[in-house]
Amino acid sequence: MAARRRASSRATATVTATDTDKSKSETPTKQEHADPPIAPPKSGLIFKLCLFFAIPYFYLLFYHYKIESELQRSILINAGLSLAGFFITQKMIPVASRYVLRRNLFGYDINKKGTPQGTIKVPESLGIVVGAVFLVLAILFQYFNFTADSNWLVEYNAALASICFMLLLGFVDDVLDVPWRVKLILPSFAALPLLMAYAGHTSIIIPKPLVPYVGLEILDLGWIYKLYMFLLAVFCTNSINIHAGLNGLEVGQTVVIASAILLHNIMQIGASLDPEYKQAHAFSIYLVQPLLATSLALFSYNWYPSSVFVGDTYTYFAGMTMAVVGILGHFRFNPQTGLLTGTNDGTLVNFFLRLFGKMSEGSLCAALLVFQAIACCLCFVLRYFLTGWYK
């Protein structure tokens with residue numbers, strides 16, 4: 001995570017029993033100074049984002065497409081739980097930030113090095129709050145939607161097991177600060193519950209222009225398809241972790257991608273007549289809605305200037321969640337100008353700085369998120385024009 005420098009984990013000097021007793025009365029005062037309250041959430045920004053996304057989403061759900069009332073009901077129940085999760089997450093983050101600061105889980109924002117903001121201890125690993133609330137919401141939702149003999153229940157719980165496993169491994173990474181060669185391997189273990197429980201199709205549809213050359217319209221990949229799922233989980237998890245380094249970028253890209261996934265799912269449900277196909281996309285919605293809601297709560301604290309850091313806990317958790325749904329930078333800061341300057345490192349962040357010149361951290365993050373949103377829109381356009389010819 002390039003946007004911060006982790007605090008030293010060296011233990012402080014040992015105090016004697018006499019010193020401990022003597023300082024008991026002073027502890028609350030010292031702790032109060034050591035753990036100042038974090039900045040309030042940026043509620044105005046979140047309200048605008050929600051309004052911008054909710055209007056087209058609910059228009060498609062209730063008006064544009066004729067979706068069965070039972071399916072609408074399940075999606076609405078999930079949305080209601082997700083909304084509750086948003087407020088719970090927003091209330092829990094300030095509480096959790098005080099605890100992680102007391103355990104020396106904090107970092108310094110290196111993009112503000114040389115300024116007063118660069119000396120502030122920023123609570124780290126607050127993604128643990130998002131992950132915990134998400135898992136509780138996902139488990140509670142089973143009561144409203146799945147029966148004991150549901151065909152989807154096994155895969156749903158396997159998905160939650162993979163997400164929970166990845167959340168744990170991400171938090172372990174934040175605490176132990178494991179090297180990159182280990183980071184690449186961690187998602188491999190977390191993907192195992194999903195791979196073992198997967199009982200879906202292992203076939204792919206051959207694109208129409210290639211059918212004359214392949215001789216088949218549908219190709220069963222067998223174990224190769226599961227290998228693809230395994231590699232997809234590793235890619236998604238690490239891709240969120242790599243495209244980082246700016247206040248709000250990790251959570252922001254998750255919000256953008258999750259919003260695009262929700263719109264895609266609603267469009268597919270509305271355009272299909274196959275009940276099983278509709279349930280598959282509804283399954284995706286049931287996981288993405290709480291991810292989006294809890295991520296927005298974290299985004300309200302993590303947007304520039306960040307008052308909390310998300311940690312690898314969040315990036316791993318978000319990446320694995322989107323991988324599950326899909327299956328079922330270094331730069332320089334100038335304290336005088338307050339602008340970031342790109343280096344020759346081959347990251348998208350530095351490419352933007354080299355292409356558009358020096359930018360403030362907030363402007364750069366906004367530009368990257370807009371680019372990501374445009375990329376998602378482009379995918380929708382390509383799918384529209386290629387449908388019927390390519391597949």
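Visitor: At roughly what angle do the axes of helix α11 and helix α14 cross?
Guide: The axes of α11 (residues 223-242) and α14 (residues 311-327) come within 7 Å; helices (H or I, at least four residues) and strands (E, at least two) are DSSP runs, numbered from the N terminus. An axis is a line fitted to C-alpha atoms, for helices over the stretch in contact, and angles run from 0 to 180 degrees between N-to-C directions. On that scale, the crossing is roughly 145°.

Visitor: Before we go on, what sort of model is this, and which atoms do side-chain values use?
Guide: It's a predicted model, where local features need pLDDT of at least 70, side-chain atom pairs count only at pLDDT 80 or more, and totals for chains, interfaces and linings use all residues. Residues are numbered from 1 along each chain as its sequence is written, hydrogens and water are left out, and side-chain values use heavy atoms.

Visitor: Back to the helix pair: is the crossing of α11 and α14 left-handed or right-handed?
Guide: The rule looks at how the near helix is turned from the far one by less than a right angle: anticlockwise is left-handed, clockwise right-handed. For α11 passing α14, the crossing is right-handed.

Visitor: How many nonpolar residues are there in the contact of α11 with α14?
Guide: Contact means heavy atoms within 4.5 Å, and α11 brings residues including M229, L232 and I240 to meet α14 residues, among them Y316, M320 and I327. Ala, Val, Leu, Ile, Met, Phe, Trp, Tyr, Cys and Pro count as nonpolar, Asp, Glu, Lys and Arg as charged, and the others, Gly among them, as polar. Besides five polar residues and one charged residue, the nonpolar count is 10.

Visitor: Which helix has the lowest confidence?
Guide: pLDDT is the predictor's confidence in each residue, from 0 to 100, and its mean over the protein chain is 83. It stays under 50 over residues 8-33, where the model has two contacts beyond four places in sequence. Confidence is highest in α4 (residues 69-102), at 94, while the lowest mean, 40, belongs to helix α1.

Visitor: Is F53 buried or exposed?
Guide: F53 sits in helix α3 (residues 43-64) and, beyond four places in sequence, it contacts S259, L262, L263 and L292. Buried means under 20% relative accessible area, exposed over 50%, partly exposed in between (1.4 Å probe, protein chains only). Because its relative accessibility is 14%, F53 counts as buried.

Visitor: What is the relative accessible area of S295?
Guide: S295 belongs to helix α13 (residues 275-302). Leaving out neighbours within four places in sequence, S295 touches V130, V251, T254, V255 and Y314. S295 is buried, and its relative accessible area is 1%.

Visitor: How far from D220 is I204, C-alpha to C-alpha?
Guide: I204 is in strand β4 (residues 203-205) and counts as partly exposed, at 32%. Its contacts outside four places in sequence are E217, I218, L219, L221 and Y225. D220 is 16 residues from I204 along the chain, and their C-alpha atoms are separated by 6.4 Å.
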